[in-house]
Amino acid sequence: MLEKINVGDQDILYHLKISCQMPNILDAIASRKIVTQTAMKEDIQITTAELQQAADNLRLANNLVKAEDTWAWLKKHYLSLDNFEEIAYTNLLSAKLANHLFADQVESFFYAHQLEYIAAAIYEVILDDEDLALEIFYGLQEGEISFHEVARQYIQNPELRRAGGYQGMRERKDFRPEIAAAIFAANPPQILKPITTPQGVRIIMVEEIIQPQLNEQIRLRIIGDLFTNWLRQQISTLEIEVNLAAKYNLPLSPLIITQTS
């Protein structure tokens, strides 16, 4: 049994190649270079106070409450304190560049895509039997049984069962098209007629339809989405040249690649 394994740069790069992670790695590298160069061109500046706040946010996001938590996290990820500062700097630079490029487009985008941000508060029970689902549906309609009782009887997951099948606030994109059409045409509170899907027969209670408002959370989300799409477009126009030493390349023979029928 092995007691110790030595892992070097060559091993890491070799693993990235044979695990087919190189495309994602290259896209991430390209994204960082695009952000850095564009931020320089747009004269995006970062103050010491902003960087400190970004570092605090990074610690908070990773639940690094104490100093020893931070050092343990750095050790786990083979990072130095300078690396930590660089991560905070890169995150902040990306956020400031995104805001610089797209902040003035948020309002028009929101109103053009307002339907995408409508949300619904729903309860759901999924059954295997369509006849049983219809029987329960009509029982609910007649008030013979409550939705909470149905959830308690037919939901296996303990947390969902205790919550009565509550699924939280869900947007249109979170549902299959036929389910979204039924949910957002409902007049809450309303129990929908069972809908058959590949996952089972769904009985859904629509408790509330929430009309979207352009709050800070949605504003940041729109900026993030626009920025991500912009980065993808930038990367798609690039020719990424990869220079690796020959010793990292896999041998091609005796493997023969043929077309399969």
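**Close-up views of a predicted model**

Figure 1. Isoleucine 5 is exposed, its relative accessible area being 61%. The structure shown is a predicted model. In the chain, isoleucine 5 belongs to the segment that precedes helix H1 (9-18). Together with Leu2, Val7 and Ile12, Ile5 makes up a nonpolar patch on the surface, and the four residues have about 450 Å² of accessible area together.

**Figure 2. The largest nonpolar core.** This core comprises 20 residues, of which Val35, Leu97, Ile222, Phe227, Trp230 and Leu231 touch the most other members. Two or more residues each are supplied by helix H2 (22-41), helix H5 (81-102), helix H6 (106-112) and helix H11 (216-236). The largest share, 8 residues, is that of H11. For leucine 231, the contacts beyond its neighbours within four places in sequence are Ser31, Ile34 and Val35. In soluble globular proteins, nonpolar side chains tend to be buried together.

Figure 3. Helix H4 spans residues 67-76, and its buried residues are Thr70, Trp73 and Leu74. These residues lie on the same side of H4, because they cover an arc of only 100° around the axis. Their packing partners are helix H3 (48-61) and H5. On the face turned away from the buried side, H4 carries the exposed residues Trp71, Lys75 and Lys76. Tyrosine 78 follows H4 and has a positive phi, near 55°.

Figure 4. The whole structure contains 6 salt bridges. One of them joins glutamate 50 to lysine 96, with the closest N and O atoms 3.1 Å apart. The pair links distant parts of the chain, since glutamate 50 is in helix H3 and lysine 96 is in helix H5, 46 residues apart. Glutamate 50 counts as partly exposed because its relative accessibility is 29%. Lysine 96, at 24% relative accessibility, also counts as partly exposed.

Figure 5. Glutamate 124 and arginine 202 form a salt bridge in which the closest N and O atoms are 2.8 Å apart. Side chains of opposite charge can pair when their charged atoms come close.

Figure 6. The side chains of glutamate 216 and arginine 219 meet in a salt bridge, with an N to O distance of 3.0 Å. These two residues are separated by about one helical turn, because they are 3 residues apart in helix H11. Glutamate 216 is partly exposed, with a relative accessible area of 46%. Arginine 219 is likewise partly exposed, and its relative accessible area is 24%.

**Figure 7. Glutamate 144 in a loop.** Glutamate 144 is placed in the loop between helix H7 (130-141) and helix H8 (147-154). This residue is exposed, with a relative accessible area of 65%. Glutamate 144 and arginine 170 are 26 residues apart in sequence, and their C-alpha atoms are 28 Å apart in space.

Notes:
Residues are numbered from 1 along each chain as its sequence is written. This is a predicted model: local features need pLDDT of at least 70, side-chain atom pairs count only at pLDDT 80 or more; totals for chains, interfaces and linings use all residues. Side-chain values use heavy atoms; hydrogens and water are left out. Helices (H or I, at least four residues) and strands (E, at least two) are DSSP runs, numbered from the N terminus. Buried means under 20% relative accessible area, exposed over 50%, partly exposed in between (1.4 Å probe, protein chains only). A nonpolar core is a set of buried Ala, Val, Leu, Ile, Met, Phe, Trp, Tyr and Cys residues joined through side-chain atoms within 4.5 Å. Contact means heavy atoms within 4.5 Å. The arc is that of the directions from the helix axis to the C-beta atoms. Patches are made of residues with over 30% relative accessible area and no salt bridge: like charges are joined within 9 Å, nonpolar side chains (Val, Leu, Ile, Met, Phe, Trp, Tyr) within 5 Å. Accessible areas come from the Shrake-Rupley method with a 1.4 Å probe; for residues, only the protein chains shown count as cover.
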